[in-house]
Amino acid sequence: MKIDIQFVNMSTSETMEAYTIKKLQRLFKIYDTIIALQVFFKNENDPKENGKICEIEVSLSGPRLFASSNEKNYELAVKNTISDLEKQLKKRKSIVKPYL
């Protein structure tokens, strides 16, 4: 299990890292095929008051999975991105059958 968190064009936040790692631990418990996760936090100027972007890329056997959210705060962006990844992982798990 490897989690790589990067803050693009903004200062790092230890509390945001801890929050994200806590949320991602649940994915590792449910889906043991995950090799690594790359998390990117970005801040963009947006007239709709959004602009807090969280992107997560999941490395596992087969094609990589990717999800992104653009919200008003980073906590909500992380939550929505992880929710999207859970849907993708659930679909992947139902398609891939282990060899017996």
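A polar contact here is a pair of N or O atoms within 3.5 Å; within protein, one of them must be able to donate a hydrogen and the other to accept it, and residues adjacent in sequence count only if both atoms are side-chain atoms. What you see is a predicted model, where local features need pLDDT of at least 70 and side-chain atom pairs count only at pLDDT 80 or more, while totals for chains, interfaces and linings use all residues. Residues are numbered from 1 along each chain as its sequence is written, and side-chain values use heavy atoms, with hydrogens and water left out.

On to the fold. The protein chain has two helices and four strands, taken as DSSP runs numbered from the N terminus (helices are H or I, at least four residues; strands are E, at least two). Read from the N terminus, the order is β-α-β-β-β-α. The C-alpha trace spans about 50 × 25 × 20 Å along its principal axes. Of the 100 residues, 35% are buried, where buried means under 20% relative accessible area, exposed over 50% and partly exposed in between (1.4 Å probe, protein chains only).

Now the inside. The largest nonpolar core has 23 residues, and Ile34, Phe41, Ile56 and Val58 touch the most other members. Such a core is a set of buried Ala, Val, Leu, Ile, Met, Phe, Trp, Tyr and Cys residues joined through side-chain atoms within 4.5 Å. Elements giving two or more residues to this core are strands E1 (2-8), E2 (34-43), E3 (52-60) and E4 (65-71), along with helices H1 (14-30) and H2 (74-95). H2 gives the most, with six residues. Take Phe41: leaving aside neighbours within four places in sequence, its contacts include Phe7, Met16, Ile53, Tyr74 and Val78, a contact being heavy atoms within 4.5 Å.

Next, two serines. Ser69 lies in strand E4 and counts as buried because its relative accessibility is 7%. The Ser69 side chain makes a polar contact of 3.0 Å with the side chain of Thr81. Beyond its neighbours within four places in sequence, Ser69 is in contact with Lys52, Ile53, Cys54, Ala77, Asn80, Thr81 and Asp84.

Ser13 sits in the loop between E1 and H1. With a relative accessible area of 22%, Ser13 is partly exposed. The side chains of Ser13 and Thr15 are joined by a polar contact of 3.1 Å.
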